[in-house]
Amino acid sequence: MKGILGCVALVAFCPCWGCQGKDGDPTTDVCGDIKAFPSDIAGGAADPDPSAVTMTDAQEQSVVSLAWTAGGQFCTGVLVSPRVVLTAAICSTVGSTSLGVPDLVAVGSDSSSPDRTLTASAIHVHPDFDEDLAPYHPAVIVLDEDATATDLVPIAIADVATSLVGEDVVVAGFGQTSPSAVSSIGTRRWATLTVDSEDADTYTASGGGTSGLCTADAGAPLFWMDPTDGLRVMGLGVGGEATCTVMSFFARVDLADAWLAHEIAASDPCDGETLAGRCDGETAIWCESDTLMTEDCAAASLECGLDSSDRYRCVSPLDPCDGETLAGRCDGDTAIWCESDAVQSLDCTISGQRCGTTGTGQHRCMDECDALGFEGECVGGTARWCDEGTILERDCAACDQACGDTAGDLGFYCI
């Protein structure tokens, strides 16, 4: 059996959703006292192993804690689309009692002090779920808001059957660190496991005797880095061995289940598009107020990109030259201009030239006479200009005058 009937002894399997001790004492079971395993899931860490999976902070935050006050039920879930949290179907019942929607969907690594909470509006349990006979099925929790608006990033479900035997996978859950550590429930932990076997319903993974699923880890997502598609949700925690450190069992979600795909699509009015949006060429696509929005940016002489709120929308085209123009300018004898969407800069003195204005109004490197032009310049008290290819000079001080801009046709001259 695969850990679905309860805690019988240390070598027996126990479900992740609860292993209460005799007379309500969590440190015992029907066989007597439970020896606590001295480790953090059990054997878990505060962050996922980067050598096994690559995740952003926003993706990590998409692993949420779930609580049902009436049933004393505590589980883990994962955001798989803007409005859908996926968890194990076993979380939806206690015995024969259906619990309905969770009272709390908490975002953050500590469920007792969440970064924020989300509100669930519905829960849909897989029709084949039976707690005793067929426990390895998912449940879909529908949110009444777009969770991506709170900076969460959904993680896609694998949509083709995938063999993981021998693969390293990562699991995240808010459960106990050991069979007796009830007070440890509520803190998100990560562990790297290796898939040992699989069948049509489950993946079985081990943590080498140091880590695995424990009480309240039901629904804990199993992650794997698909070589082609990247990070994917492959399974959901359902049960494990009584010490929480040997074998862990996960309901597979990689078999392209038609019910699951339909429920996620039906719960997402924008078919996976988020408030953050995306660009499809120069078309901005996003979901807002449960409505799919698109805008042709090119038609408005705009381009699709990130706006000031880090959302993909139509925005003014970026200036690749940061204000520099094709006409350019002179910075001393350095010519600076924009050409082919790149800033060009040339020190004219290298070629014995000067920076000046061409007949077409462009600032470029030119021969000195051409650069001076008839307008000329003042060098101290001397006026210098070019006339018919010859540089001419006038010592204004010798005539008791000063060199300056005449503001007329003479340009720089004695005044």
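Helices (H or I, at least four residues) and strands (E, at least two) are DSSP runs, numbered from the N terminus. Strand 20 (residues 283-288) and strand 21 pair in the antiparallel sense over six bridges, where pairing requires that DSSP finds at least two bridges between two strands.

These strands belong to an open sheet of three strands, with the order 19-20-21 and antiparallel pairing. Strand 19 (278-280) and strand 21 (291-296) each have a single partner strand and stand at the edges, so one side of each is left without a neighbour in the sheet. From one strand to the next the twist averages 30°, the axes being lines fitted to C-alpha atoms and the angles running from 0 to 180 degrees between N-to-C directions.

## How the model should be read

Residues are numbered from 1 along each chain as its sequence is written, and side-chain values use heavy atoms, with hydrogens and water left out. Because this is a predicted model, local features need pLDDT of at least 70 and side-chain atom pairs count only at pLDDT 80 or more, while totals for chains, interfaces and linings use all residues.

The chain has a mean pLDDT of 86, and 90% of its residues reach 70 or more; pLDDT is the predictor's confidence in each residue, from 0 to 100. Over residues 1-14 the pLDDT is below 50, although this stretch has 47 contacts in the model beyond near neighbours in sequence, a contact meaning heavy atoms within 4.5 Å. Residues 26-40 also have pLDDT below 50, with 38 contacts beyond near neighbours in sequence. Where pLDDT is low, the predicted coordinates should not be read in detail.

## Disulfides

A disulfide is counted when a pair of cysteine sulfur atoms lies within 2.5 Å, and by this rule the count comes to eleven. One of them joins Cys270 to Cys287, with an S to S distance of 2.1 Å, and the torsion about its S-S bond is about 65°, so this disulfide is right-handed. The pair links distant parts of the chain, with Cys270 in the loop between helix 2 (258-266) and strand 19 and Cys287 in strand 20, 17 residues apart. Both Cys270 and Cys287 are buried, which is to say under 20% relative accessible area, whereas exposed means over 50% and partly exposed is in between (1.4 Å probe, protein chains only).

Cys297 and Cys314 form another disulfide, their sulfur atoms 2.0 Å apart, and here a torsion of about -85° makes the link left-handed. Cys297 is buried, with a relative accessible area of 0%, and Cys314 is buried at 15%. By contrast, the sulfur of Cys399 is 6.4 Å from the closest cysteine sulfur, in Cys414, which is too far for a bond, and Cys399 counts as partly exposed at 40% relative accessibility.

## Nonpolar cores

A nonpolar core is a set of buried Ala, Val, Leu, Ile, Met, Phe, Trp, Tyr and Cys residues joined through side-chain atoms within 4.5 Å. The largest such core has 54 residues, of which Leu86 and Phe223 touch the most other members. Leaving aside residues up to four places away in sequence, Phe223 touches a set of residues including Val53, Met55, Trp190 and Arg232.
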